[in-house]
Amino acid sequence: MTSKKVHIAGAGMAGLCTAARARELGLDAVVHEKGNRPGGSMLLSSCVVWRYRDLDEFRAECSGGDPDLQREVIERLDDAIAWLRSLRAKVVWEETGNPRTVGVRFDPHSLTEVLARAAGEVRLGTAAPEDAEQLLLATGGFQGDRELVHEHIAPGGELLVRANRWSTGDGLRHALARGAALSAGMREFYGRAMPAPPAAIPEERFVDLAQLYGRHALVLDDEGREFAPDPISWSETDLVQAIGRRPNASAWYLVDEEALEVEIRGRTVGEMVESARAAGGEVLLPNELGVELPGAYRYAVHVVAGITHTIGGLRIDPQARVLRADGTPIEGLYAAGADAGGISTGGYASGLASALVFGRIAAETVASL
Ligand SMILES: Cc1cc2nc3c(=O)[nH]c(=O)nc-3n(C[C@H](O)[C@H](O)[C@H](O)COP(=O)(O)OP(=O)(O)OC[C@H]3O[C@@H](n4cnc5c(N)ncnc54)[C@H](O)[C@@H]3O)c2cc1C
């Protein structure tokens, strides 16, 4: 008897987890990767895999997300992290450092390496066969496609793509052509404020050049107007989305002496400002902005909204099956990771966690057929 075969588009977090789990379950898995390396955005990430403490908190933080999908993340993540440990992925922190959440931080190189090994066959520079009987879409969202970003997110300027360069909505297009429905939250994205051009931001510096101190700054748009949400959320996802909708998708962060001393995720605001300056970003004296300010500030840092991944995407069910608008599944078509939308709608949740959980679920669904 030949084993069931699943084709997987994308060798990032979701695709590799699906393949590794599929092989454990006795399936034949082939991973097709458009880029020239496995790992996708996972390899570029801080690699903190986390969840909210319980479903109520997840609902409160991400109220527009599908509760059935959120429940899967809450209930299955701990076992899935234990599975990653069992594959010998190197853990660098045993906790997230955030009291709202539980999880661990992996070393992204180690995680990519162990998953790629467990996934078996990874074909680089290839696309999955469109007519595969069992196909998992794990192409990582559509943030890399300017047209799709303008159509769904409608930014006020060009967002900086803070992600692997190959995630251009291929999964979304494929599934839409087969009658798939879109999830809630197509306008939303997760991202970070980054030093605005002319700053040079190579992909290996997406983490350390992030400007994480919007809550400690006066935030003005390029026309000198205040617009930040009040209050700004802990993850600043709402602020970054709001910056993305302003003219040029950019803003000024004005910081005073006191703010410069504040420490966020192991770095002071002053260090983050210096990193923006060293990367060639605009760091001005506040009087150089030419607007009247409500207080005394030390620096004005020009930032642009960076898009890390889309939050909206394909509608899936708790078995990772892609759904039509009438709620019926499209036979043989699955999605996980950022291709699947509607999980963290209205807020922010770990993209690695949902990629891991729904990647494993997709493999289990195919195995159960
Ligand atoms: C700087 C940075 C920091 C981050 N920090 C964190 C963090 O600490 N915690 C967290 O939870 N998340 C974090 N993330 C987000 C996290 O990396 C993503 O949510 C996660 O990688 C999504 O998994 P995925 O499999 O959907 O996409 P990816 O891991 O990006 O993989 C998608 C893969 O699909 C490939 N692909 C695209 N199109 C095709 C095609 N047509 N055919 C075949 N292959 C294709 C891409 O090349 C890529 O390899 C961060 C991301 C970045 C960039």
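Reader: Which residue lies over the face of Trp-93, and at what distance from the ring centre?

Author: Arg-105 lies over the face of Trp-93, 4.4 Å from the ring centre; a charge sits over a ring if NZ of Lys or CZ of Arg is within 6 Å of the ring centre and within 35 degrees of the ring normal. The model is predicted, so local features need pLDDT of at least 70 and side-chain atom pairs count only at pLDDT 80 or more, while totals for chains, interfaces and linings use all residues. Residues are numbered from 1 along each chain as its sequence is written, and side-chain values use heavy atoms, with hydrogens and water left out. Arg-360 is likewise placed over the face of Trp-83, at 4.6 Å from the ring centre.

Trp-50 and Tyr-52 form an edge-to-face pair, because their planes stand at 90 degrees, with the ring centres 5.2 Å apart. Trp-50 counts as buried at 7% relative accessibility (buried is under 20% relative accessible area, exposed over 50%, partly exposed in between, with a 1.4 Å probe and protein chains only), and Tyr-52 is buried at 1%. Trp-234 and Tyr-348 make a tilted pair, 6.2 Å from centre to centre with 45 degrees between the planes, and this pair links distant parts of the chain, 114 residues apart. Tyr-348 is buried, at 11% relative accessibility. Both pairs belong to one aromatic cluster, formed by Trp-50, Tyr-52, Phe-58, Tyr-190, Trp-234 and Tyr-348.

Terms used
Rings of Phe, Tyr and Trp (its six-membered ring) pair if their centres lie within 6.5 Å; planes under 30 degrees apart count as stacked, over 60 as edge-to-face and the rest as tilted. Helices (H or I, at least four residues) and strands (E, at least two) are DSSP runs, numbered from the N terminus.
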